[in-house]
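Me: Could you walk me through this protein? I'm new to reading structures, so please take it slowly.

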Amino acid sequence: SDPPDVIVIMDADCRVEAGTLRALAAVAAENDRPVQAVYLLHPPSSGGSFSGVSAFAFAVRNLVRPRGLARLGMPCQLTGTGMAFPWQVFRDAPPTHSFLVEDLLLGHELALLGRAPLLAEHVRVTGELPSGDASSLKQRRRWEHGELSVLLQTAPRLLLGGLKRLDPGLFALAFDAAVPPLALLVLLQGSSLIALGALSFWLGTPLPVAVAAAGTSVLALGVGVAWWQAGRSLVPLRELVRIPLYILWKLPLYATFLRRGAHGEWERTDRTPNA
């Protein structure tokens, strides 16, 4: 009977700077749209085989890409915590049922209803990656299987909605949702380079491998710029050589998706007592 103006959703194991929750709520109230804070994960204090590389991939997903969209005047994805919703938007939001990444799906459904989320770049929410490799892989499986499901199911709907309405914001969200997780993107690009290199050798023309090499170069440049801007504190230069091992570590995750489809159950990630 007396609802609040804004609902803010935070995970219990996250940290936020004093005063920024009010700022987040204010942006949502002023724009009458959902708002997403910048959500980052730090490597655990106990370390981990690939925690730095994983935190960097997370920063590309949750900081570099949404910040680029925001600088272009485009909406962003919802990332699960540090989200603010005007009450009426929250109340009337469509159900996401048991979808693995319900936050990502919710942002797309609201965008299709004309309430695409905005990024609050000045609000930072931080958490900590799981300390064990097994727990970390289980968490990544939930996220990345969900992202791949969105890529196959929801991104086409966003693209179609953008075409029907000539809405650049829906186009931007569709293309962003169509980008595979960073490790998988590197794996696919590297595989295409090898395959098209073999095709060039067989056809006796350099054109196929030149196209693949151009794509690989653009990807390498993008990852390098992202590392320079947002990843140097997470992954020292000497540890960049671990990226191929990180991709191999995640191969079973992608193989499971190909064999069985997306993982169907939500599993709580193991946390340290401090978290």
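**The nonpolar patch**

Reply: Helix 6 (residues 155-165) gives the most to the nonpolar patch, with three residues. This is a predicted model, in which local features need pLDDT of at least 70, side-chain atom pairs count only at pLDDT 80 or more, and totals for chains, interfaces and linings use all residues. Residues are numbered from 1 along each chain as its sequence is written, and side-chain values use heavy atoms, leaving out hydrogens and water.

Me: Which residues make the nonpolar surface patch?

Reply: L159, L160, L163 and F175 make the patch, which covers about 380 Å².

Me: And L159, where is that found?

Reply: L159 sits in helix 6, and L159 is partly exposed, with a relative accessible area of 31% (buried means under 20%, exposed over 50%, partly exposed in between, using a 1.4 Å probe and protein chains only).

Me: Switching topic: is D103 buried or exposed?

Reply: D103 is buried, because its relative accessible area is 16%, and D103 belongs to helix 4 (residues 102-112).

Me: What does D103 touch?

Reply: Leaving aside residues up to four places away in sequence, D103 touches L78, T79, G80 and M83, where a contact means heavy atoms within 4.5 Å. A polar atom of the D103 side chain lies 3.1 Å from the backbone nitrogen of G80.

Me: How many helices and strands are there in the protein?

Reply: The protein has eleven helices and five strands, taken as DSSP runs numbered from the N terminus (helices are H or I, at least four residues; strands are E, at least two). Of the 275 residues in the protein, 45% are buried.

How values were computed
Patches are made of residues with over 30% relative accessible area and no salt bridge: like charges are joined within 9 Å, nonpolar side chains (Val, Leu, Ile, Met, Phe, Trp, Tyr) within 5 Å. Accessible areas come from the Shrake-Rupley method with a 1.4 Å probe; for residues, only the protein chains shown count as cover. A salt bridge is a side-chain nitrogen of Lys or Arg within 4 Å of a carboxyl oxygen of Asp or Glu. A polar contact is a pair of N or O atoms within 3.5 Å; within protein, one must be able to donate a hydrogen and the other to accept it, and residues adjacent in sequence count only if both atoms are side-chain atoms.
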